[in-house]
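Here is a walk through a two-chain model, written for someone who likes cut-offs stated plainly. Keep the viewer open and follow along strand by strand.

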Amino acid sequence: MSNDIFQGYRGRALEQLKKYHVRVWGKAVIETTRGRFEGTVLPRSENDDDKHIVMKIITGYNIGIDTDTITSMKEVGYKKANYAIPEKEFPISDKNPNVKLFGTGGTIASRLDYRTGAVIPAFSPGELYGAVPELADICNIDTEKLFAVFSENMGPKQYIALAKAIGKEIEKGVDGIMIGHGTDTLHHTGAALTFMVQNSPIPIVLVGSQRSSDRPSSDAALNLMHAARAAGHGDIAETMVCMFGPTSDEYGLLHKGTRVRKMHSSYRSTFRTIGDIPLATVNREKVDPIHKKYNPRRKDRNVTIKPFFDDRVTMLYYYPGMKPDTIDLLVDNGYKGIVFVGTGLGHVNKELYPAIERAQKKGVHMYMTLQTIWGYVHMFVYDTGRDMMAKGIIPAGNMLPEVAFVKLGWALGQTHDPEEVKQIMLTPINDDITLREPYNGYLVYQGGIPEVEEFIKKVHK
Amino acid sequence: MKQKVNPQENFGITREKIGYVSRKDATQADYDRIGFMSGLEVHQQLLTASKLFCRCPAGIYHDHDDYDAELVRHMRPTLSELGEYDGTALMEFKTRKEIIYRVNNENACTYDVDDTPPFPMDPEALEIAIQISQLCKLNIVGEVHVTRKQYLDGSIPTGFQRTAIIGVEGAIPLKNKTIRIIQLSLEEDSCREILDEGHVRMYKTDRLGMPLIETVTYPDMKNPDEVKEACDYIRFLNRSTGKVRTGMGAGRQDVNVSCEGGTRVEIKGVAHTRWIPELTHVEAFRQYALLSIRDLLKKRIDAEKPYKISHKVLDYYSYHFDAIPAIKNASLNGHKIIAVNLPGFSGALSHFTQPGQCFAHEFEGRLKVIACLERPNMTHSEALNQEILAEDWEKMEKLLDCQDQDAQLVFWGPEEDIETALETIEERCQMSLEGVPNETRKSFEDGSTVFERVLPGADRMYPDTDTVPRPLEDDYINSLTKNMPGEIIERYKQLKKWGVPEDTYTYIFSRNLYPLIERLVNNTRLKPVFAGTFVGQKLKFVEGQFSKGEAFDYECIEKLFGYLEENKLHPELAVRMLPVLYQHPKMDFDSVLVNIDFKPVGSNRLLDRIPFLSQKFDQVGRKQEPKHKVNWIMGQLRNQATGNMDLTQLARQVAQEVNGSKETKTA
């Protein structure tokens with residue numbers, strides 16, 4: 001009960017509130033050595049200190065009162081706030097395709113509770129319609145909340161549950177699938193679902209937002225509309241990530257789940273296809289394929305679900321001077337797979353060789369990927385590369401490190417036979433390894449160069 | 001046949017009816033009669049090196065076309081407290097404004113365009129804000145919480161302004177009363193608008209994010225002059241710290257005005273305090289007029305029922321629109337022309353609201369802002385300068401099936417905006433039955449205002465989830481209180497006591513020159529009245545007449561008087577030296593003296609010349625009177641004497657010489 005009345009307060013601040021009989025949501029007058037303050041006492045974020053009491057003053061702003069300055073407090077009123085997103089019935093139209101939206105816990109549509117700052121997610125079709133009414137013009141949406149975890153807590157269990165749920169929906173006959181997802185590990189999930197859900201007849205679109213929808217400039221509503229367009233109407237039946245193309249509110253890009261990566265901590269246009277060009281652009285009206293080849297939408301329901309994962313897999317980001325015991329410890333702790341993220345063309349230092357040999361003898365599956373992100377592993381150029389291959393490290397082509405990690409876990413979930421694992425790893429699934437890199441697959445512009453400056457002045461980045 | 005309203009006549013009658021008087025003729029009784037009430041939100045940029053939430057340099061501006069990149073955003077209304085979108089916000093959203101931001105790499109970064117989360121608040125800005133809060137006698141908060149204040153007009157790329165309360169409940173003393181202060185907040189400045197045309201609004205991001213304080217007063221001001229006095233006081237107080245920016249746009253104020261029964265209307269971005277009296281006067285009477293219109297309409301219209309308008313699309317060629325350039329242009333652009341019937345609005349459209357403006361103007365501004373129809377976008381049946389022929393109006397009345405007490409409005413615009421335009425008109429009519437709509441208005445120099453935006457609801461404040469609260473400990477606050485400037489009101493009283501003329505005070509306070517005068521009084525032998533007048537009059541004159549040398553600062557003046565004292569030269573010489581010093585501050589004082597042709601001459605040598613000059617006057621003087629003789633001799637000696645001896649003393653000597661032993665005063 002006291003938790004409810006003094007939400008988030010502890011220590012000194014809690015003592016003060018108790019002493020003067022002032023509750024959270026109570027309207028209070030606080031006398032301090034700095035003068036008098038009046039307002040509504042708000043819950044305090046649990047991570048903040050215990051030396052201040054938060055109030056919303058009459059003008060709508062929040063302030064904190066230093067408990068050391070308080071000389072008296074009085075509760076003069078009380079009004080508890082209750083919040084919910086209004087539900088409006090989602091209008092269903094026979095003309096529109098049916099799309100299933102799975103929730104994983106990331107908030108694509110939400111509203112901030114203006115008193116506490118808490119995010120209230122909008123998720124049911126009715127809530128979504130209340131927040132983004134334009135969706136109803138694009139498709140009919142049905143929703144299902146699978147779990148409530150933050151993006152960084154998504155893992156093998158969730159991948160498997162998602163894959164199974166997707167399989168069921170495809171059997172039921174939906175026209176497209178959307179998955180709302182936090183953006184940090186969107187590309188890990190994109191890879192996992194590509195491996196676990198194969199030969200899908202319909203689009204599977206992962207979508208998130210870089211700016212929460214409680215702000216007027218959010219990318220959430222537009223991303224949702226783009227994803228709904230791609231899932232409901234698009235012809236590309238692959239596992240894709242749908243996020244902003246440029247940082248401007250102009251169009252979205254559809255990226256293959258196996259070739260996409262989050263490349264900026266906060267930009268809206270953070271997701272980029274690496275080593276290739278994206279699948280398509282998408283706006284509210286249509287999907288425009290850029291990639292010449294893709295798996296088209298089909299009428300059948302012949303999907304293959306492969307929900308496997310062995311989580312005794314890890315990723316090792318190599319750094320100069322790395323000690324062999326880092327590998328020994330992993331092996332001793334029972335890890336069965338290691339994805340190295342090596343320097344340059346795929347290298348680690350000689351000091352590690354004995355540990356690598358030991359790991360191989362213990363049956364650990366080792367693959368090499370690149371810190372350079374772009375390009376192919378190439379271990380024949382230098383002797384060190386050949387040495388490492390001899391010691392059991394297998395080059396993973398131009399597979400992205402995160403993708404290789406997910407794929408190795410998925411492969412080990414099916415077999416531990418080294419040859420079979422290698423077969424699975426090196427047989428490309430939806431371009432996780434591409435046979436060739438097109439010339440425009442690597443474009444990182446350097447600002448300051450006159451022609452680049454001219455370009456970004458004319459074209460929205 | 002219905003009795004037609006004569007718009008010109010009606011305009012005059014309604015102005016009389018509400019008892020409008022010009023500000024010149026208005027007395028406190030007039031303001032008491034309409035219940036004048038006004039409060040201020042005074043914005044002041046702080047003089048910091050960096051912006052508030054990023055490390056971009058502050059105060060570097062660029063031209064409209066000097067940019068490195070552009071980006072586009074659309075602002076989306078978020079759900080309000082009751083889970084509903086604000087009506088007008090949604091209407092504005094439906095018309096979809098494309099907001100374009102121009103970014104210059106020198107002064108804006110990815111934070112400014114909302115692609116990077118905020119960095120910790122600039123400590124320098126926080127310090128200045130706390131110091132000014134203390135000068136305003138505000139209660140300083142224990143912990144600073146950043147709040148998001150939503151703006152949908154695009155003036156901030158995030159869609160909200162990060163702002164934080166530093167202090168609450170303070171007061172400033174005016175000459176005759178005390179004005180209470182609600183709060184002082186530290187916030188980021190917004191973008192500067194480049195253009196706003198149709199569905200495109202363009203901003204530049206140079207000013208965006210610069211630290212700004214906002215001082216908000218209670219509506220304690222009861223007449224327009226008090227509003228100006230309070231505003232000046234706050235601005236002078238801010239400047240007294242020497243840590244705020246000056247110049248164009250560095251200080252702006254929003255003025256809140258209402259009359260009794262009216263609504264708080266915010267006049268945004270008033271650049272000069274001298275505009276305030278006229279603006280607040282006109283606005284209070286505009287509200288009073290709107291209440292009179294409400295009373296008129298309520299007699300005819302059931303305010304309980306939703307108000308409905310009707311409309312028809314007009315065929316351009318069926319009317320004599322060729323003679324009306326605006327409508328002709330609209331037609332050439334393929335725009336639709338719409339006639340709207342406003343039931344019961346006869347006599348309301350031509351009702352006086354502001355000098356030279358009638359009620360119909362209220363629609364024009366909203367059509368521009370909400371429906372994106374460029375002006376001129378409408379006319380009406382009671383236009384003061386009627387352009388549409390009477391026969392055409394009759395034709396429209398038939399088409400719309402009008403009743404006697406109805407009025408009509410004709411507007412034009414692109415087809416896709418017509419629906420919003422009609423909703424806008426209907427909404428404004430509905431509002432006129434309630435009285436004064438909640439809105440912000442843009443000001444013009446003549447004192448008139450025009451609709452700018454709908455005033456957002458109270459629930460547009462959200463805690464900022466990207467920043468952590470910043471505690472303000474007693475020790476930290478106390479460390480900032482050292483070296484605080486004195487109070488403006490005390491300084492005002494001191495200047496008065498010294499006998500410095502009152503008409504120099506505005507200049508002295510607005511340039512924060514009081515500390516200079518105080519230093520001159522304390523550190524030199526100058527008489528306070530001389531020091532004050534020198535700064536308030538001579539320096540002001542020189543500033544207005546000459547262009548300033550780059551290195552000139554007010555310290556030069558202190559050094560100048562120090563030099564004169566050291567060399568036993570009379571302080572009067574400073575008046576002649578100042579123009580040279582102001583333009584060439586790096587010139588040493590000896591050279592300045594050469595430049596003004598000054599030669600050191602002993603007072604004896606000056607006095608020795610008096611008999612010779614006296615004889616000379618006897619030969620050349622046209623009016624042989626002692627008074628003229630004294631003046632003539634002084635004229636001959638003044639330039640040479642200035643700096644070498646006290647001119648009053650010299651004049652006394654001359655008079656003595658001329659009049660024998662009798663003392664005469666000369667000018």
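In strand E12 (residues 204-207) of chain A, A:Ile204 and A:Leu206 point one way and A:Val205 and A:Val207 the other way, and all are buried. Buried here means that 20 or more other C-beta atoms lie within 10 Å of the residue's own, while 12 or fewer makes a residue exposed and anything in between partly exposed; the C-beta atoms are placed from the backbone. Strands (E, at least two residues) and helices (H or I, at least four) are DSSP runs, numbered from the N terminus. This is a predicted model, in which local features need pLDDT of at least 70 and side-chain atom pairs count only at pLDDT 80 or more, while totals for chains, interfaces and linings use all residues. Residues are numbered from 1 along each chain as its sequence is written, and chains are lettered from A and ligands numbered from 1 in the order in which they are written.

**The sheet around E12(A)**

What lies on either side of this strand? Strand E10 (residues 176-180) of chain A pairs with E12(A) in the parallel sense over four bridges, and A:Ile177 has A:Ile204 as its bridge partner. Pairing requires that DSSP finds at least two bridges between the strands. E12(A) is also joined by four bridges to strand E13 (residues 239-244) of chain A, again running parallel, with A:Leu206 opposite A:Val241. From E12(A) the chain crosses through helix H6 (residues 220-232) of chain A to E13(A), a β-α-β crossover that is left-handed. The right-handed case would be a path that, with the strands pointing away from the viewer, runs clockwise from the first strand over the helix to the second.

These strands belong to an open sheet of eight, in the order E9-E6-E10-E12-E13-E14-E17-E18 (chain A), with mixed pairing. Strand E9 (140-145) and strand E18 (287-289) of chain A are at the edges with a single partner strand each, so one side of each has no neighbour in the sheet. From one strand to the next, the twist averages 25°. An antiparallel pair in this chain is strand E14 (residues 252-256) with strand E17 (residues 280-282), joined over three bridges; there, A:Leu253 has A:Thr281 as its bridge partner.

Angles run from 0 to 180 degrees between N-to-C directions, with axes fitted to C-alpha atoms, for helices over the stretch in contact.

| Helix of chain A | Residues | Angle to E13(A) |
|---|---|---|
| H5(A) | residues 186-196 | about 155° |
| H6(A) | residues 220-232 | about 150° |

H5(A) touches E12 and E13 of chain A. H6(A) lies across strand E6 (98-103), E10, E12, E13, E14, E17 and E18 of chain A.

Another open sheet has seven strands in the order E5(A)-E1(A)-E2(A)-E3(A)-E4(A)-E5(B)-E23(B), with antiparallel pairing. Its edge strands are strand E5 (70-78) of chain A and strand E23 (470-471) of chain B. The chains meet where strand E4 (residues 62-66) of chain A is joined by two bridges to strand E5 (residues 143-144) of chain B, with B:Val144 as the bridge partner of A:Ile63. E5(B) in turn pairs with E23(B) over two bridges, and B:Glu143 has B:Pro471 as its bridge partner.

**Where the chains touch**

In total, 45 residues of chain B are in contact with 45 residues of chain A, contact meaning C-beta atoms, placed from the backbone, within 7 Å. On the chain B side, E2(B) gives the most, with five residues.

**Cores and chain B overall**

The largest nonpolar core has 171 residues, of which B:Ala129, B:Ile166 and B:Ala230 touch the most other members. Such a core is a set of buried Ala, Val, Leu, Ile, Met, Phe, Trp, Tyr and Cys residues joined through C-beta atoms within 7 Å. Helix H6 (residues 276-298) of chain B provides the largest share, ten residues. Apart from this core lies another of 93 residues, including A:Ala163 and A:Met368.

Chain B has 21 helices and 23 strands, and 45% of its 667 residues are buried. Its C-alpha atoms fill a box of roughly 100 × 65 × 45 Å along the principal axes.

Note on methods: Two residues are in contact if their C-beta atoms, placed from the backbone, lie within 7 Å.
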